[in-house]
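Me: I am new to this structure and would be grateful for a close look at a single part of it. Please consider the pairing of charged side chains.

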Amino acid sequence: MATSKLVKANEKIAEKVVGGYNKIEEGVVGGYKTIEESVVEGFNKMTDQFVGQFLTKDGETVEEAKKRLSQEQRIREGKNG
């Protein structure tokens, strides 16, 4: 009977520890994802602004300029595309 009580107590402790760990893990991963999305979004805004201001040709959109620049880079690297 003592073993049974000990096993039950250990199971309760394990459940609480695992539950606490999962909450911490979700918080950390969620926070990381939020930071990552913010950084990527900020970087994309910055590159769009730079391309729009310095690298677009007359009447060309930012997306068209990025595509053109990517194609030019592949040609310089010897990859036709």
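How many salt bridges does the count come to?

Reply: The count comes to four salt bridges in this predicted model. The setting may be described first. The secondary structure of the chain consists of two helices and zero strands. Its radius of gyration is 27 Å, well over the 12 Å that the globule rule gives for 81 residues, so the chain is more spread out than a compact globule. Of these 81 residues, 6% count as buried. The chain carries 14 positive and 14 negative side chains, with the centres of the two sets 8 Å apart. Side chains of opposite charge can pair when their charged atoms come close.

One of the salt bridges joins Arg 68 to Glu 60, with the closest N and O atoms 2.9 Å apart. Both partners fall under the 20% cut-off for burial: Arg 68 is buried at a relative accessible area of 16%, and Glu 60 is buried at 18%. Arg 68 also forms a salt bridge with Glu 72, at 3.3 Å between the closest N and O atoms. Arg 68 and Glu 72 both lie in helix α2 (residues 62-76), four residues apart, about one turn of the helix. Glu 72 is partly exposed, with a relative accessibility of 29%.

Lys 45 is exposed, with a relative accessible area of 55%, whereas Glu 41 is partly exposed at 46%.

Note on methods: Residues numbered from 1 in each chain as written. Predicted model: local features only at pLDDT ≥ 70, side-chain atom pairs only at ≥ 80, totals over all residues. Heavy atoms only, no water. Rg over C-alpha atoms; globule rule 2.2 N^0.38 Å. Buried < 20%, exposed > 50% of the residue type's maximum accessible area, 1.4 Å probe, protein only. Lys, Arg positive; Asp, Glu negative; His and termini not counted. Charge placed at Lys NZ, Arg CZ, Asp CG, Glu CD. Salt bridge = Lys/Arg side-chain N within 4 Å of Asp/Glu carboxyl O.
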